[in-house]
Number of protein chains: 2
Amino acid sequence: MIVYFNGQFQELNEVKISPFDRGFLYADGVYEVIRTYYGKLFKYADHLERFKASLDAIKINYAETDLLEQNIYKLFELNKYTNPNISFYIQITRGVSFPRKHPFPSADVKPTVFISASTIENDEHAINKGIKAILEEDTRWTRCNIKSVSLLPAVLANQHAVEEGAEEAIMIRDGLLMEGSHTNFWGIKNGEVWTAPLSNLILPGITRTVILEICSYIGIRVNEQAIDKNDINNFDEFFISGTTTEVKPVTQIGADVIGSGVPGEITCRIYDAYLKYVESRNWF
Amino acid sequence: MIVYFNGQFQELNEVKISPFDRGFLYADGVYEVIRTYYGKLFKYADHLERFKASLDAIKINYAETDLLEQNIYKLFELNKYTNPNISFYIQITRGVSFPRKHPFPSADVKPTVFISASTIENDEHAINKGIKAILEEDTRWTRCNIKSVSLLPAVLANQHAVEEGAEEAIMIRDGLLMEGSHTNFWGIKNGEVWTAPLSNLILPGITRTVILEICSYIGIRVNEQAIDKNDINNFDEFFISGTTTEVKPVTQIGADVIGSGVPGEITCRIYDAYLKYVESRNWF
């Protein structure tokens, strides 16, 4: 498997991250996950804009963001993928600096850039049957809008979900359902879609924006308002969204089966419209 | 410089961390900093206990913690340090796993273990003159008692301090001064010492415990109670503590000079008692 590392395309096992990389010592870095459909990057401009916002938010000065797209496509080529659905993982850290100390290193320390690619295997079962999620207290920091690699709280929450036979943990902060550990979260009540508003407490999902557009297009009203945990029982459907997740129905939360335990009607309408949008290739 | 990496003692530039190390991708790891005095590890048992607690808290199963001490001393030897004041940095992550996904990898994935050593240069100036600190909203997660490498919020806070001409940022949560970005925080009012109580919101500092013992020994009353930001002006002295920081007077917080701007009397008594304790070698 060939990856991109600091200007070089090389075999994964040749890549040498220094233990003094600030990504390793301090989680001092940000990332993006971008996918293709039909061999083309989906919503690349939006991902790039978010990535730049993350870099700016933590003041990593990386001047070569304009080269990322060509390096991603080059990686696609070099790995000779035949599957047209590939996800790319891009991480930029504040670089290597010795000795270890908290403040930023001097301005001449170059950021570390890593890009890898992997095939997306769609989980048809989850789409047709739905997944189980759990509710988890949101222990994360208060800058969840930054897509940083400081992800330990998300890892622990997601692992807890897996241990409970679930696939995703929905993070609750101050009684409100904010988002999943690595997805955005949605509910449907009386035919209307609810999702937490953009703030410093959730990731501004690219798929979230696509879904908002789709709902507007197919005439489903959206309330950008977080769902109260005490109001869960009044909701008819739930789903999660994300770049590789797309739209996944949530048919069970903790011990509670949602509705009749199958993907909800409006969720399916949104998912179908999402697929049509992708198929339309209007985003090319 | 020789470091320890996964069972090997090797030159730092030979160490190859995989980009798929969960420490790099997810900040999925914990660390310790342990120092020597007179060539002996200070409070090793306490550091080891805390390290084990951190590993347990994030469920990293590392069976060889009993070997850490000998590997640390071996590193001391191999680097031929003549300075008897060395700090050791030990990091254990959940290991290397491909493809990238949030849940823990299978149980046969071995944790990554990295240890490095560096000389401690004491900052006599700060001890005699005191340092400046700033106040910073605590954006961190709510498990600050775990010494994890998910440190981006602490990095950003500390960098902000440096940009303000200060050395440390004191984290304020719900109006209370919890701790520094990488130190514990203390205040003195009417001859009594205050510091935040142990909880999930601060690190249980090893030096913090030593200082509590010292205060008890020299007859200074301690309130384990966090200082309210509105009560700062009623305090006479402040200091920070940590393994390499030891006891450092804080003589300015933001724009406010504390007292007459020189290290406070009780801070100096505590620092002197700390040095005597170290010199006594009673902790050998």
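1. Strands here are DSSP runs of E with at least two residues, helices are runs of H or I with at least four, and both are numbered from the N terminus. Two strands count as paired if DSSP finds at least two bridges between them.

2. The model is predicted: local features need pLDDT of at least 70 and side-chain atom pairs count only at pLDDT 80 or more, while totals for chains, interfaces and linings use all residues. Residues are numbered from 1 along each chain as its sequence is written, chains are lettered from A and ligands numbered from 1 in the order in which they are written, and side-chain values use heavy atoms, with hydrogens and water left out.

3. β7(A) also pairs in the parallel sense with strand β8 (residues 168-173) of chain A, over five bridges. In that pairing A:Glu137 has A:Ile172 of β8(A) as its bridge partner. Between β7(A) and β8(A) the chain passes through helix α5 (residues 152-163) of chain A, and this β-α-β crossover is right-handed. Right-handed means that, with the strands pointing away from the viewer, the path from the first strand over the helix to the second runs clockwise.

4. Chain A superposes on chain B by a rotation of 180° with 0.0 Å of shift along its axis, at an RMSD of 0.0 Å. The two copies are therefore related as by a two-fold rotation axis. Both copies use the same surface, since 100% of the contact residues of chain A recur in chain B. The superposition is by least squares on the C-alpha atoms of residues with pLDDT of at least 70 in both copies; contact means heavy atoms within 4.5 Å.

5. The largest nonpolar core holds 94 residues, and those touching the most other members are A:Leu68, A:Ile72, A:Phe88, B:Leu68, B:Ile72 and B:Phe88. Not counting residues up to four places away in sequence, A:Leu68 touches A:Tyr44, A:Leu48, A:Phe51, A:Tyr62, A:Ile90, A:Val113 and A:Ile115. Another core, of 22 residues, lies apart from it and includes A:Val210, A:Ile211, A:Ile270 and A:Tyr277. A core is a set of buried Ala, Val, Leu, Ile, Met, Phe, Trp, Tyr and Cys residues joined through side-chain atoms within 4.5 Å.

6. Helix α3 (residues 68-78) of chain B has B:Leu68, B:Asn71, B:Ile72, B:Leu75 and B:Phe76 as its buried residues. Seen down the axis of α3(B), they fall within an arc of 145°, so they line one face of the helix; the arc is taken from the directions from the helix axis to the C-beta atoms. Exposed B:Gln70 and B:Glu77 sit on the face turned away from the buried side. Buried means under 20% relative accessible area, exposed over 50%, and partly exposed in between (1.4 Å probe, protein chains only). B:Lys80, which follows α3(B), has a positive phi, near 50°.

7. In chain B, strands β10 (residues 184-189) and β11 (residues 192-195) run antiparallel and are joined by four bridges, with B:Lys189 opposite B:Glu192. They form a hairpin with two residues between them, and B:Asn190 in the turn has a positive phi of about 50°.
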